[in-house]
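Subject: Structure handover

Hello,

Here is the structure I promised you. Please open it before you read on.

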Amino acid sequence: MYIALSTYFATDAKAFTASLQWQSVPAMTLVPMCLISVAMYASKISKEIETMQENLQDLYNSSVRDLDSNRKTLRIIRAMLNTKFPCLTAGSVFELKRGLILSVFGSLFTYGLLVINIKT
């Protein structure tokens, strides 16, 4: 993506031919698509972890009501409930959630407008 931007800045409008434009298209499309797909799958993983915790809590609550249930099973379920699953982050700076997709689009759109205005 940076190579495509540097090519755009390094050449003037007449030298930025169709071949250079087509050369920069994969870089300008694949990088955002990779970011979006990583954020989407990371958010799905986080959602599944939340669903798993809810199901374990329901299982524990139903097992506690039944006093004849195995105490070892209750201890295992309680240990699983107390386990803290790590959330997927980008270098512990921010969590990868669906809201990140909108932020990425907003940033790319803003910087794209900025680059176009600087060039002209």
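Below is what I found in it, from the overall fold down to a single residue.

First, a caution. This is a predicted model. The mean pLDDT of the protein is 79. A value of 70 or more is reached by 84% of the residues. Among the elements, helix α1 (residues 2-10) has the lowest mean pLDDT, at 65. Helix α3 (residues 71-82) has the highest, at 86.

Now the fold. The protein has four helices and zero strands. Along the sequence, that reads as α-α-α-α. Of its 120 residues, 19% count as buried. The accessible surface comes to about 9300 Å². Carbon and sulfur atoms account for 65% of that surface. Next, look at contacts between residues at least 6 apart in sequence. Of these, 62% join residues at least 24 apart.

There is also a database record to compare. The unreviewed UniProt entry annotates residues 20-42 and 100-118 as "transmembrane region". What does the model show there? Residues 20-42 are 100% helix and 0% strand, and the end C-alpha atoms lie 34 Å apart. Residues 100-118 are also 100% helix and 0% strand. Their end C-alpha atoms are 27 Å apart.

Which residues make up the largest nonpolar core? There are seven: Ile36, Ala39, Ala42, Leu96, Leu100, Ile101 and Val104. Two elements give two or more residues each to this core: α2 (18-65) and α4 (99-119). A second, separate core has five residues. Among them are Tyr60, Leu74, Ile77 and Leu81.

Find Met80 in helix α3. Met80 and Gln53 are 27 residues apart along the chain. Their C-alpha atoms are separated by 8.5 Å.

Best wishes

Definitions and conventions
Residues numbered from 1 in each chain as written. Predicted model: local features only at pLDDT ≥ 70, side-chain atom pairs only at ≥ 80, totals over all residues. Heavy atoms only, no water. Core = buried A, V, L, I, M, F, W, Y, C linked by side-chain atoms within 4.5 Å. Buried < 20%, exposed > 50% of the residue type's maximum accessible area, 1.4 Å probe, protein only. pLDDT = per-residue confidence, 0-100. UniProt positions renumbered as here; feature names shortened; annotations may be inferred. Contact = heavy atoms within 4.5 Å. Areas by Shrake-Rupley, 256 points an atom, 1.4 Å probe, with all protein chains shown as cover.
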